[in-house]
Amino acid sequence: MDSSTTAGLWDRLTGIQTPPDLWLVIVTGLVALAAVGPRPLWRLSRNAVTIAHEGGHGLLALLTGRRLSGIRLHSDTSGVTVSRGKPTGLGMILTAAGGYTAPSLLGLGGAALLSAHRITLLLWAATALLLAMLVMIRNAYGALTVILTGGTFLLVSWLAPAGVQAGFAYLVVWFLLFGGVRPVFELGSKRRGGGAPDSDADQLGRLTHLHPVVWLLFFHVVALCSLIGGARWLLAL
């Protein structure tokens, strides 16, 4: 690859793009909201949230010095991330807290990039994260899900016209912001019904000696604050 090509790619990655019209931002937000609403649609779209959730566990495990053994994604939209290291302490706490907060925080970070008109940077960063996650996937369904998702990002970022890229980027960020909220409410509902005894909130409760409800409230605060802050950035309010 010659220097002019390298320079061109760098300019494309770091340059700013023309923001879409407000109507497109609103429409993509409504479509994303619909994707997390009705149960049949949610059962499909929740796979993307699971990728972010398990990716959050994995990323925090690596950042805190734990050894990431592998990630599994299942067809029922559940997932498991296995890491090795000290079973207690800050690293384990952050790893356990990284799941339910990851979709919302990724959405918030994406909204910040879009507010700065960095559409291409967002798409390429998402593709890079998915490729890095693929290396740690340990089952066929998980690999297929990540490959299809990463392939979609790659095709859009390389082949789609600027308007389509913008619409796709805003749709993804809106979806992460909305999609980060519903699983927390679902977790609360399951816990009230006596389900999910080994949920992330319960694990964090045992690690920190705080009631799991405290962690459930923390997940709610992160999700709702990210949604509000991200929406303000996306709508330029």
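Which residues does Leu108 touch, not counting residues up to four places away in sequence? Select Leu108, bearing in mind that this is a predicted model, and show its surroundings: the residues touched are Leu177, Ser226, Gly229, Gly230 and Trp233. Leu108 itself belongs to helix H4, and with a relative accessible area of 24% it is partly exposed.

**Helices H3 and H4**

Stay with H4, which covers residues 90–115, and select H3, residues 39–63, along with it; the two helices pack at an angle of about 135°, and their axes are 7 Å apart. That angle makes H3 oblique to H4, and the crossing of the two is right-handed. To see the contact itself, show the side chains of Val49, Ala52, His53, Gly56, His57, Leu60 and Ala61 on the H3 side, which meet a set of H4 residues that includes Leu94, Tyr100, Pro103 and Leu106. Colored by class, the residues of this contact between H3 and H4 divide into ten nonpolar, six polar and no charged.

**The nonpolar core and Trp174**

Next, turn to the largest nonpolar core, which has 54 residues, and in which Leu114, Leu123, Trp174 and Leu234 touch the most other members. Helix H7, residues 162–179, gives the most to this core, with eleven residues. As general background, nonpolar side chains in soluble globular proteins tend to be buried together.

Center the view on Trp174 and display its contacts: leaving out residues up to four places away in sequence, Trp174 touches Val25, Thr28, Gly29, Ala32, Ala231, Leu234 and Leu235. From there, move to Thr28, which is found in helix H2, residues 22–35. Is Thr28 buried or exposed? At 7% relative accessibility, Thr28 counts as buried, because buried means under 20% relative accessible area. Again not counting residues up to four places away in sequence, Thr28 touches Gly167, Tyr170, Leu171 and Trp174.

**Helices H9 and H10**

Now select H9 and H10, which pack at an angle of about 125°, with 8 Å between their axes. These two helices are therefore oblique to each other, and H9 passes H10 in a right-handed crossing. On the H9 side, Asp200, Ala201, Asp202, Leu204, Gly205 and Thr208 meet Pro212, Trp215, Leu216 and Phe219 in H10. By class, the contact of H9 with H10 has six nonpolar, two polar and two charged residues.

**Two residues with positive phi**

Where is His209 found? Look in the loop between H9, residues 200–208, and H10, residues 212–234; there His209 has a positive phi of about 60°, although it is not a glycine. At 72% relative accessibility, His209 counts as exposed.

For the last stop, follow the chain to Ala236, which lies in the segment after H10. Its phi is near 55°, a positive value in a residue other than glycine, and with a relative accessible area of 68% Ala236 is exposed.

Terms used. Residues are numbered from 1 along each chain as its sequence is written. This is a predicted model: local features need pLDDT of at least 70, side-chain atom pairs count only at pLDDT 80 or more; totals for chains, interfaces and linings use all residues. Side-chain values use heavy atoms; hydrogens and water are left out. Axes are lines fitted to C-alpha atoms, for helices over the stretch in contact, and angles run from 0 to 180 degrees between N-to-C directions. Helices (H or I, at least four residues) and strands (E, at least two) are DSSP runs, numbered from the N terminus. Angles under 35 degrees count as roughly parallel, over 145 as roughly antiparallel, 65 to 115 as roughly perpendicular and the rest as oblique. A crossing is left-handed if the near helix is turned anticlockwise from the far one by less than a right angle, and right-handed if clockwise. Contact means heavy atoms within 4.5 Å. Ala, Val, Leu, Ile, Met, Phe, Trp, Tyr, Cys and Pro count as nonpolar, Asp, Glu, Lys and Arg as charged, and the others, Gly among them, as polar. A nonpolar core is a set of buried Ala, Val, Leu, Ile, Met, Phe, Trp, Tyr and Cys residues joined through side-chain atoms within 4.5 Å. Buried means under 20% relative accessible area, exposed over 50%, partly exposed in between (1.4 Å probe, protein chains only).
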